[in-house]
Amino acid sequence: MLRGDIPFLYLRAVNKIAVLFLVLMMAFTAFHYGELPAEIPIHYNAAGVPDGYGEKQDVWVLPVIAIALFGGLLTLEKKNKNTTRKKSNQEAQCRYCAHIFLFTIQNL
């Protein structure tokens, strides 16, 4: 288990990496938005054939959800700092770091 200020430093580093990935995701989406056709596939069947279509504005749904989830996790982390004991707070920070890391990897 991590001791001292390491969980806090690790938490800050993970948060900065997550924010970087969110910015990159938004930038990538904005950069390629003009190249998208007016209608894009949004759902695929088991064979991999598109069976649901939407407008190209639908590509913004996942980045917005990612930002909302990250904001929610940040809010819970800040609230948790104020309400728990030091030992359980360190454990909670480690769990939070793991969740943010997995969230960041999922959105690659």
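This is a walk through the structure shown above, from its overall layout to a few individual residues.

The structure is a predicted model, so local features are described only at a pLDDT of at least 70 and side-chain atom pairs count only at pLDDT 80 or more, while totals for chains, interfaces and linings use all residues. Residues are numbered from 1 along each chain as its sequence is written, and side-chain values use heavy atoms, with hydrogens and water left out.

Let's begin with confidence. The pLDDT is the predictor's confidence in each residue, on a scale from 0 to 100. Averaged over the chain, the pLDDT is 80, and 79% of the residues score at least 70. Among the elements of the chain, strand 2 (residues 50-55) has the highest mean, 92, and helix 3 (residues 86-106) has the lowest, 70.

Now for the layout. You will find three helices and two strands in the chain. Helices (H or I, at least four residues) and strands (E, at least two) are DSSP runs, numbered from the N terminus. Contact here means heavy atoms within 4.5 Å. Among contacts between residues at least 6 apart in sequence, 58% join residues at least 24 apart.

Next, inside and outside. A residue is called buried under 20% relative accessible area, exposed over 50%, and partly exposed in between (1.4 Å probe, protein chains only). The chain has 108 residues, and 23% of them count as buried. Accessible areas come from the Shrake-Rupley method with a 1.4 Å probe, and for residues only the protein chains shown count as cover. The chain exposes about 7,800 Å², with carbon and sulfur atoms supplying 66% of that area.

What lies in the interior? A nonpolar core is a set of buried Ala, Val, Leu, Ile, Met, Phe, Trp, Tyr and Cys residues joined through side-chain atoms within 4.5 Å. The largest one has 11 residues: L11, V14, A18, L22, M25, A66, F70, Y96, C97, I100 and F103. Helix 1, helix 2 (61-83) and helix 3 each supply at least two residues of this core. Helix 1 gives the largest share, five residues.

Leaving out residues up to four places away in sequence, L22 touches A66, I67, F70 and F103. L22 and T104 are 82 residues apart in sequence, yet their C-alpha atoms are 8.1 Å apart in space.

Two further residues of helix 1 are worth a visit. N15 belongs to helix 1 and is buried because its relative accessible area is 13%. Beyond its neighbours within four places in sequence, N15 is in contact with F70, L74, Y96 and I100. T29 is found in helix 1 too, and its relative accessibility of 13% is why T29 counts as buried. Setting aside residues up to four places away, T29 touches V59, W60 and P63.

Patches are made of residues with over 30% relative accessible area and no salt bridge; like charges are joined within 9 Å, and nonpolar side chains (Val, Leu, Ile, Met, Phe, Trp, Tyr) within 5 Å. A salt bridge is a side-chain nitrogen of Lys or Arg within 4 Å of a carboxyl oxygen of Asp or Glu. I17, L20, F21 and L24 make a nonpolar patch of about 350 Å². One of these residues, L24, is in helix 1 (residues 6-32) and counts as partly exposed because its relative accessibility is 47%.

Our last two stops lie elsewhere in the chain. H99 is in helix 3, and at 47% relative accessibility H99 is partly exposed. H99 and F70 are 29 residues apart in sequence and 9.9 Å apart in space, C-alpha to C-alpha. L36 lies in the loop between helix 1 and strand 1 (39-44), and its 28% relative accessibility makes L36 partly exposed. Apart from residues up to four places away in sequence, L36 touches K56 and V59. Between L36 and V59 there is a separation of 23 residues in sequence and 9.4 Å from C-alpha to C-alpha.
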